[in-house]
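The following briefing concerns one protein chain. Please consult the sequence and the structure alongside the text.

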Amino acid sequence: MAVTIAAGEVRIRHGLHQVAVHKQSEGRRLRIVDSAHLDGVAGRNGAVRQEIAAVLDPSPPPSLLRSLAEYEALVGGGF
């Protein structure tokens with residue numbers, strides 16, 4: 001990957017391909033993000049946040065809760 005800054009533009013190349021061109025920011029340590037560059041990326045539109053929330057609260061929805069007795073009755077189990 002190569003990054004070139006010239007004439008007020010930042011150009012990013014990967015191999016022979018130019019992958020992004022941005023206007024150079026006018027201040028220090030500013031971040032410029034072109035949202036079109038994220039199209040097709042996992043996590044776009046909050047998908048990753050929803051997955052993280054599921055990990056933090058892994059309890060299944062109430063419609064999926066069953067007692068162990070129901071499973072035992074289904075398989076004819078018991079010790």
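**Salt bridges and exposure**

Lys23 counts as exposed, at 54% relative accessibility (exposed means over 50% relative accessible area, buried under 20%, partly exposed in between; 1.4 Å probe, protein chains only). The model is predicted: local features need pLDDT of at least 70, side-chain atom pairs count only at pLDDT 80 or more, and totals for chains, interfaces and linings use all residues. Residues are numbered from 1 along each chain as its sequence is written, and side-chain values use heavy atoms, with hydrogens and water left out.

**Charged pairs**

- Two salt bridges are present in the structure (a side-chain nitrogen of Lys or Arg within 4 Å of a carboxyl oxygen of Asp or Glu).
- Lys23 pairs with Glu26, with 3.1 Å between the closest N and O atoms; Glu26 is exposed at 72% relative accessible area.
- Glu9 and Arg11 form a salt bridge at 2.7 Å, N to O; Glu9 is partly exposed at 29% relative accessibility, and Arg11 is partly exposed at 33%.

**Fold and surface**

- The chain has two helices and three strands, in the order β-β-β-α-α (DSSP runs, H or I of at least four residues for helices and E of at least two for strands, numbered from the N terminus).
- Of the 79 residues in the chain, 4% count as buried.
- Contacts (heavy atoms within 4.5 Å) between residues 24 or more positions apart make up 0% of those with a separation of 6 or more.
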